[in-house]
Amino acid sequence: MWTERQTGVLRLQVTDQQLGHAIVTKRRGWLILVGLAIVLAGALLAQSIRTADGTTVRDIRFVGTNGTVMSALLYIPKNATAATPAPGILAVHGYINSRETQDGFAIEFARRGYVVLSLDQTGHGYSQGAAFSNGFGGPDGLRYLRSLPMVNTRQIGLEGHSMGGWTVLAAAAAMPKAYTSMVLEGSSTGAPFAQEGSPTWPRNVGIVFSRFDEFSNLMWGVARAKDVASSSKLQSVFGRQAPVVENRLYGSIKDGTARKLYQPNTTHPGDHISTAAIGNAIEWFGATLVGGTPRPASDQIWYWKEVGTGVGLIGFVMIMLGTFDALVRLPFFASLHAVSIPAGAFRDGAWWKGFALNTGLPALLFFPTFIAAYLLLPASQWLPQAVTTQITLWAVTSAGLSLLIGRFMRRPAGTHQSDWFKSILLAVATVAAGYAALLLVDQLFQTDFRFWVVAVKLPSVSQWGIAAIYVVPLTLAFLVTTRSLASATVRGDTAGLRYIAAILTLTTGFILMLAAIYGVLFMTGSLVTAFDPLSTVIAIQFVPVLIAVAIIAIFTWRRTGSHRLGGLIAGILVTLYAVAGTATQI
């Protein structure tokens with residue numbers, strides 16, 4: 001009887017434990033559900049803005065020069081039909097961007113009744129070929145736009161940002177009578193990649209060059225963007241031998257010699273999120289193209305699309321964290337679930353020295369490693385993406401020096417060694433959940449996760465193969481990073497404080513570096529890193545990306561007591577992020 005009663009109690013206790021586990025699992029699932037809700041709500045908002053006023057958006061592929069498959073988004077306003085053709089605009093992004101980067105421009109052009117072909121340059125996004133090939137894809141894009149039955153081929157505009165400006169200039173050079181007017185955003189005629197401009201070429205060009213553009217020397221041969229009106233190169237385009245007056249119309253629209261200079265108060269990447277820069281392009285096409293449905297340049301809604309896809313980035317991370325939290329509690333991964341033990345009792349002098357090194361060293365190494373990779377590791381079959389190679393060299397160098405310094409400091413690890421096989425499986429499953437959500441919004445809404453310069457895109461088939469080249473060194477580097485974060489944990493800290501400490505550790509160096517660079521730029525107009533403006537712009541992305549890495553590192557460490565899961569997830573994520581978001585040279 002006693003045995004039966006004990007057995008009955010034991011059975012009741014087991015049942016309670018099972019019930020408790022089910023309740024905990026259900027509660028943990030809220031992170032996935034909320035993340036999914038945020039993702040879907042953001043994608044729905046983004047789609048509603050893209051398709052405002054009856055615009056249809058299509059994801060298209062077409063065959064260009066030498067059989068190169070080109071990718072683009074085609075915006076068709078409701079007024080554009082074969083019976084009533086509308087003006088068309090070829091819109092092209094800059095280097096290491098993609099077609100979605102031009103959404104602000106494309107949305108507003110379409111709202112004004114223009115058919116917009118937002119093109120992926122060759123070697124970018126989902127367009128094949130190598131970057132810089134086939135006139136960047138510009139001539140092929142213009143030919144395709146002109147072939148569309150709903151486009152009025154007598155009213156064609158060309159708009160390009162940065163290298164996208166060289167793309168549309170290549171199209172204009174190849175087909176000089178196939179367009180009506182042009183907007184160069186943060187771009188220029190002439191060297192290094194375009195035909196020299198003159199008072200008669202290109203036709204009816206509006207130049208939008210921001211007062212704090214980082215590429216003023218490359219584009220127009222002046223040290224400060226605010227002085228571009230005095231550029232001899234620019235003056236030759238305007239047919240002047242004196243400074244160009246901003247917002248003054250030069251030449252004749254009817255004769256195709258019209259010119260105007262706009263200088264909004266923003267930066268090179270800031271053109272994409274500037275109502276002024278986008279408004280300047282709207283104004284110029286409104287003056288030089290006939291047709292469409294005119295609206296004031298100030299009537300803009302594109303930024304709500306940016307909000308929608310930006311919210312999607314938050315949901316993307318939440319889905320991955322929720323998936324990890326749910327999977328690590330399954331019986332198969334139970335051995336990975338462990339109590340996290342902070343490494344230190346308090347923040348002493350050694351802790352602050354470690355913090356200074358961990359936050360300062362990566363920032364100090366940024367420009368040297370990027371320049372070294374550019375000079376010593378040119379694009380090749382084994383390293384097909386120049387920028388991803390630069391990121392990899394930076395990450396590996398930073399990790400190597402961090403390990404070397406760590407040997408001398410001899411700080412406690414704050415981490416245990418979890419099973420490699422199960423850790424890798426869990427990391428892959430976690431990232432797969434985030435990309436499954438990305439695939440879902442791509443299929444349902446034709447959107448991705450992005451805000452300004454930060455964009456998470458689905459890799460193409462070829463990009464998955466490229467990712468296999470970079471994933472191992474990047475993952476090894478981020479394993480060192482997450483180990484350093486675990487070694488800096490302090491007993492008694494709240495969860496919030498641990499997240500803040502990790503975020504500050506990874507980002508403070510970059511924040512201070514960028515604050516110094518852009519502080520001087522905004523105060524004086526001079527870019528102190530003018531020797532490498534491209535890397536300067538790339539560095540902006542490091543802050544939000546490293547914030548995500550810090551959050552993932554602490555979240556996974558708190559549930560497993562190991563740095564390995566965070567390092568593996570971060571390595572895979574950063575690899576896919578970089579490879580899908582940059583240019584392929586080979």
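In what order do the 8 strands of the open sheet stand? I looked this up to start the notebook, and the order is β1-β2-β4-β3-β5-β6-β7-β8, with mixed pairing. β1 (56–63) and β8 (259–262) stand at the edges with a single partner strand each, so one side of each has no neighbour in the sheet. From one strand to the next the twist averages 20°.

**Ground rules.** I am working with a predicted model, where local features need pLDDT of at least 70, side-chain atom pairs count only at pLDDT 80 or more, and totals for chains, interfaces and linings use all residues. Residues are numbered from 1 along each chain as its sequence is written, and side-chain values use heavy atoms, with hydrogens and water left out. Helices (H or I, at least four residues) and strands (E, at least two) are DSSP runs numbered from the N terminus; two strands pair if DSSP finds at least two bridges between them.

**Confidence.** I checked pLDDT, the predictor's confidence in each residue from 0 to 100. The protein has a mean of 93, and 94% of its residues reach 70 or more. Over residues 1–26 the pLDDT is below 50, and this stretch has 1 contact in the model beyond near neighbours in sequence. Contact here means heavy atoms within 4.5 Å.

**β6 and β7.** I found that β6 (residues 181–185) and β7 (residues 205–208) run parallel, joined by 4 bridges. E185 stands opposite V208 in β7. The loop between β6 and β7 holds P192 and also P202. The peptide bond from A191 to P192 is cis, with omega near 10°, and the one from W201 to P202 is cis too, with omega near 0°.

**Helices on the sheet.** I then traced helix α8 (residues 275–288), which lies across β3, β5, β6, β7 and β8 and runs at about 170° to β6. Such angles run from 0 to 180 degrees between N-to-C directions, with axes fitted to C-alpha atoms, for helices over the stretch in contact.

**T560.** I placed T560 in helix α15 (residues 533–560). T560 is buried, at a relative accessible area of 0%; buried means under 20%, exposed over 50%, partly exposed in between (1.4 Å probe, protein chains only). Leaving aside neighbours within four places in sequence, T560 has contacts that include F324, V328 and H416.

**Positive phi.** I noted N66, not a glycine, with phi of about 55°; at 73% relative accessibility N66 is exposed. N247, also not a glycine, has phi of about 65° and is partly exposed at 46%.
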